Amino acid sequence: MNSNKTLTSQAGAFSFSVKLLVRTLILLTLSVILGALSLYLNPHAPSYGEDILREGEIDLESALAIKDVVWVDARSGQEFERSRAKDSININEDDYYTQVGEFLARWKNDKTVIVYCSSDACSSAENIAERLRREAGADKVFVLHGGWKSVFSSGKLTLASGKAK
Amino acid sequence: MKLLLSILFFILRAAAAVLFISAGAAKIANPGQFLLEIRAFEILPYWMAFSTALVLPWLELLSGLALLTMKYSSAASLILMTLTISFINFIAIAKRNGIDTDCGCFGQWNFIGGNTEHIVFNSALLGVLALTFWRCAKLQRIFDADR
């Protein structure tokens, strides 16, 4: 009697596990099909390999094509002193109010401002760009796609190190 | 007491379902933006981030709908639990690597805040999903036994 009960319980557990597996696979398969379809039907879907820019971002090639640019380095003071884009101004989130003065002295409204931090994984460039738009009234402020990593690896920008003059 | 627990369970299940449906829908609307958010974590290789950006939002949406309608609810809660565990791991790795970026969990609509808050929120969500899985599995086995 007891062994019959155990067998029924085991069969129930097995049937539940099989159902669970099949249903999980159905949901997964449907998602893959819909995801693949959205690649063709959704206008916002990315193409494979395409480098997408966020709103307010600019890539290095386009940045270098602009004539009057103020480069703002949003990394820490130590990183800035180690290596930076030549003539860039260091404005990081901790010392914003002490450093923004130098920016205001060099910036005119027709100049484009490009802010970078370490890479796409940091958010300080975005935060500084937002503050420069809101608090300093700068209109043409962009965040550099790829950040310092892209500046350094491209070799297209003159670099400097040590304390800024 | 039993009725009260059933009502509480219903509210928790519906809230988790609506959360995943809205998260999925927000990402389906702009998978390109979601791809950027995944890549900012610098964990997955490009091909994997690309596939995730396309498939994961649909998985969230379908599983959320399944959870809400109680069709395939055990499978749905199992999938959502796995996803939530992955999210917690992702955010924890990003936090360890000093990456401070928006997780992109709800598209442009971020109401949770920083990485630590995300981990706490997702852990609570994982608890709700585990409870849902246990309840749904129990109901399904009772239903199967009656047939």
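Student: How many salt bridges are found over all chains?

Tutor: A search of the whole structure, which is a predicted model, finds 8 salt bridges over all chains. A salt bridge is a side-chain nitrogen of Lys or Arg within 4 Å of a carboxyl oxygen of Asp or Glu. Local features need pLDDT of at least 70, side-chain atom pairs count only at pLDDT 80 or more, and totals for chains, interfaces and linings use all residues. Residues are numbered from 1 along each chain as its sequence is written, chains are lettered from A and ligands numbered from 1 in the order in which they are written, and side-chain values use heavy atoms, with hydrogens and water left out.

Student: Which residue forms a salt bridge with Lys27(B)?

Tutor: Glu60(B) does, with the closest N and O atoms 2.9 Å apart. Glu60(B) lies in helix H3 of chain B and Lys27(B) in helix H1 of chain B, so the pair ties together parts that are 33 residues apart in sequence. Helices are DSSP runs of H or I with at least four residues, numbered from the N terminus.

Student: Are Glu60(B) and Lys27(B) buried or exposed?

Tutor: Both Glu60(B) and Lys27(B) are buried. Buried means under 20% relative accessible area, exposed over 50%, and partly exposed in between (1.4 Å probe, protein chains only).

Student: And at what angle do H1 and H3 of chain B pack?

Tutor: Helix H1 (residues 2–29) and helix H3 (residues 46–69) of chain B pack at an angle of about 155 degrees, and their axes are 7 Å apart. That makes H1(B) roughly antiparallel to H3(B), a term for angles over 145 degrees. Axes are lines fitted to C-alpha atoms, for helices over the stretch in contact, and angles run from 0 to 180 degrees between N-to-C directions. Contact means heavy atoms within 4.5 Å.

Student: Changing topic, how many residues of H2 in chain B are buried?

Tutor: Helix H2 (residues 31–40) of chain B has 9 of its 10 residues buried. Among them are Phe34(B), Leu35(B) and Ile38(B). The buried residues of H2(B) pack against H1 and H3 of chain B.

Student: Back to chain A, what does Arg75(A) meet in a salt bridge?

Tutor: The side chain of Arg75(A) meets that of Asp73(A), at 2.8 Å from N to O. Arg75(A) is buried, with a relative accessible area of 6%, and Asp73(A) is buried at 0%.

Student: Which residues are linked in a network of salt bridges?

Tutor: The network links Glu130(A), Arg131(A), Arg133(A), Arg134(A) and Glu135(A).

Conventions:
Helix = DSSP H or I, 4+ residues; strand = E, 2+ residues; numbered from the N terminus. Parallel < 35°, antiparallel > 145°, perpendicular 65-115°, else oblique.
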